[in-house]
Amino acid sequence: MIKNFIKTAFRTLLKNKGFTAINVLGLALGLATCMLIVFYVIDELSYDKFNIKTDRIYRVNSDIKFGGSEGSFAVTPAPLATAFLSELPEVEQVARFRSWGGFQVKKGNQNLREHRVVYADASIFDIFTFPMIAGDPKTALKDPRTVVINESTAKKYFNAANVIGKTLILNDSLLYKVTGVIKDIPKQAHFNYDFFLSMQSLPESKENSWVSNNFNTYILLKKGASQKSMEAKLPKIVRAHVGPQLQAVIHKSLDDVERGGDYIRLNLTPLNDIHLHSNRVAELNNNGNIQYVYIFSAIALFILLIACVNFMNLSTARSSNRAREVGVRKVLGSPRKFLIAQFLSESILITFVATVIAVLAAWVLLPLFNQMSGKELVFTPGTFVWLAPVLIALVVVIGCLAGSYPALFLSAFQPIDVLKGKLSSGFKGGWLRNFLVVFQFSISIFLIIGTLVIYNQLKYIQHKDLGYKRDQVLIVHNVYAMGKQTKIFKQEIEKFPNVVSATLTGFLPTEGNGNSTTFFQDHTMDSKKALSTQLWSVDEKYIPTLGMKIISGRNFSKDMSTDSAAVIINETAAKKLAMADPLNKVLYYPADRYGKIIKPVHIVGVVRDFNFNSLRENITPVILTYSDDWGALGIKVKTANIAALIDQIKDKWKTFAPSEQFNYSFMDADFDAAYRTEQRIGTIFITFTTLAILIACLGLFGLAAYAAEQRVKEIGIRKVLGANVSKIVGMLSMDFIKLVLISILIASPVAWWAMQKWLQDFAYRQNIQWWVFAVAGFGAIMIAVVTISFQSIKAALSNPVKSLRSE
């Protein structure tokens, strides 16, 4: 019997090739898209799960509000680790990381720039799961000048995995002994380093400074200890250790600070929450965003629903054409359960074929999706272990849902009514079909509005005046490797005819310098007037090279010896200081970690505010000081032949640093890289919205064909009575356009609410304009009109003799 059901279903589907093709194509597109998004979501949710003790690992964070500034940091003071181990019995182990930005590592006669380098405590192997393939994890990082590297790095520098005892030369002078080789850390980790340098090599790690936050601190709680009970004890740690040193720096107790509305707090973030739920200053890597996981999950669900709705819609629409078949079967004695089984067999068969095509399509499209999303997803045997049962369940569920309405509805007909032609037909009578059309077009319009809002915000980010000019600025990195010749190198570069100016500093707006924080006070030394601010070291060419604007006072000058104690503040800092005229006013700040040395500086200028953090955040105070920093060389150029200029600079580099790697970037490209996640989201959103609309149009095309087929005799009569083609096309189209208009009314307020929530993450954003809804609505109507016009015009142009000759 089952064989007969399948054979009959196969014949029926071949008989209606157009109906079958639309159903299979629409469902396959929906399932393939859904699979790709599911792979993305699973990858995002799997971060840090490889750690065996993941449920007991937490990161310690700092929340600081002081001097008119407020910040959330992923770093803590150096001595916090020791205090946690000695004062909190719930803590089993503590480990710290200190990010350093990178080192030059010697390979043969050349120095290679390595960015994935970090100082780490030896206890990281007690907390994190880093399988060691050579060396002893208990002693690997115990001694100064030791390093643990991963397997890929070992092969890169030594062409072997077991390289215990080998020596790496960093920055031409630092010798580090390899004491361990670990397996490459999985890509699904919120940090991924190639070199782990012994924390014992870093003098800063031994300092007892509680007012300087530079260390990413992780703790392993004992079994049974809870996050809530731990966090309840953290204020006591702050009061006992931070309080005394804070008073030494700002001459106010912690109680006085808190009474003024400011605070210094510690809290914990579970390891599993860091990647998707943490966006603090000084993260070890660029984290994801749980909001995008929700958005993509919703898109996957929406597209799958649209595909399923199409399937159900076309199945129910075509079912009435088989009413006579049902009547004949019943007269010949076929029980209702066999009729239900027949309809479900056809539905499940279509779903199965669509699923097979969807798997193949997802496999073919995965490299393209990886390129769009920045992922490295692959099909593995393990993928099919969980995917196969899910797909089998989907085939059964979707097949049964799509086939249930025609199966139950048609199988309940009385044969006498069916054979007499009393079964009602026509588009207007199908309330379920109308509801499903409204449902799928509401989703499509929602996605169109979302796409327009995201595109508009990304365009706003690209064109916003940031307070500096990032175009035509070339950045040469790692110039400090030249040592004392760095300034001479800069002078040589400035002699090139196509170079406007050059500035020597690592504090560039696109470099993510958001953690060089210190406190400034006026002559009253009142903590309520203290200013928490960024402190950047720059030279006299910094402001003109970046096209910044001095709105009051002057720039630094190398001809004025007093400028060594001069500063330039931004507008936000001026407002926070609440000075009517800040020029020539004196400020004081601690020149050491303990506040024992207070340095006076005078304000010589106010620079217009410029964005140096993400546009998700408001501009915070910045103070520029006239002092050396050799982190990078920013070069303002004026030439169309950039490649030739880069070659000139590279040749000059080789004369100064022949063994050093030449690295450069463009400031506008660095800025774009900071918003690469948003750009990828926009691209994926546009792609999937297009697919959703395409799937919806496939269904609408099929329904238009069905509606025209059902009203063929009516059309013939109208033509005989004198109706022209335009009137008939309008009559057939109006029913669908009404449904699209209802969809617009439903989708618009929901989309407005959802996109407002998304935009709230940006401190600088474009408001949602009325034209977004107008364009989305008009676009949806035009898409519907174009989709159904083919079938409507075809029906209107048909010969009425053919449709009426049997009457």
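Modeller: Among contacts in the protein between residues at least 6 apart in sequence, 79% join residues at least 24 apart. Please keep in mind that this is a predicted model. The protein has 24 helices and 25 strands, and 52% of its 807 residues count as buried.

Colleague: Let's turn to the rings. How many aromatic pairs are there?

Modeller: The count comes to 34 aromatic pairs. Take F130 and F196: their ring centres are 5.9 Å apart and their planes meet at 35°, so the pair is tilted.

Colleague: Why is F130 called buried?

Modeller: Buried means under 20% relative accessible area. F130 has 7%, so F130 is buried. F196 is at 0%, so F196 is buried as well.

Colleague: And why is the pair of F556 and Y626 called stacked?

Modeller: Planes under 30 degrees apart count as stacked. The planes of F556 and Y626 are at 15°, with the ring centres 5.1 Å apart, so this pair is stacked. The pair also links distant parts of the chain: F556 is in the loop between β19 (550-553) and β20 (566-570), Y626 is in strand β23 (residues 622-626), and 70 residues separate them. F556 has a relative accessible area of 5%, so F556 is buried. Y626 has 18% relative accessibility, which is why Y626 counts as buried too.

Colleague: Which residues form one aromatic cluster?

Modeller: F97, F125, F128, F130, F191, Y193, F196 and Y218 form one cluster.

Colleague: Now the charges. What makes K156 and E114 a salt bridge?

Modeller: The limit is 4 Å between a side-chain nitrogen of Lys or Arg and a carboxyl oxygen of Asp or Glu. In K156 and E114 the closest N and O atoms are 2.6 Å apart, and the two form a salt bridge. K156 belongs to helix α5 (residues 151-158) and E114 to strand β6 (residues 110-114), so this is a link between distant parts of the chain, 42 residues apart. K156 is at 35% relative accessibility and therefore counts as partly exposed, whereas E114 is at 7% and counts as buried.

Colleague: How many salt bridges does the structure hold?

Modeller: The structure holds 22 salt bridges. One of them joins D628 and K487, at 3.3 Å from N to O. D628 is in the loop between β23 and β24 (632-637), K487 is in helix α15 (residues 486-494), and they are 141 residues apart. Another joins K652 and E492, at 3.5 Å. Here K652 sits in helix α18 (residues 642-656) and E492 in helix α15, 160 residues apart. Salt bridges that share partners also join D43, E44 and K375 into one network.

Colleague: One last label. Why is L360 called exposed?

Modeller: Exposed means over 50% relative accessible area. L360 is at 52%, so L360 counts as exposed. L360 is found in helix α11 (residues 336-373). Together with F352, V353, V356 and I357, L360 makes a nonpolar surface patch of about 420 Å².

Methods. Residues numbered from 1 in each chain as written. Predicted model: local features only at pLDDT ≥ 70, side-chain atom pairs only at ≥ 80, totals over all residues. Heavy atoms only, no water. Phe/Tyr/Trp six-rings, centres within 6.5 Å; stacked < 30°, edge-to-face > 60°. Buried < 20%, exposed > 50% of the residue type's maximum accessible area, 1.4 Å probe, protein only. Helix = DSSP H or I, 4+ residues; strand = E, 2+ residues; numbered from the N terminus. Contact = heavy atoms within 4.5 Å. Patch = residues over 30% accessible without salt bridge, like charges linked within 9 Å, V, L, I, M, F, W, Y side chains within 5 Å. Areas by Shrake-Rupley, 256 points an atom, 1.4 Å probe, with all protein chains shown as cover.
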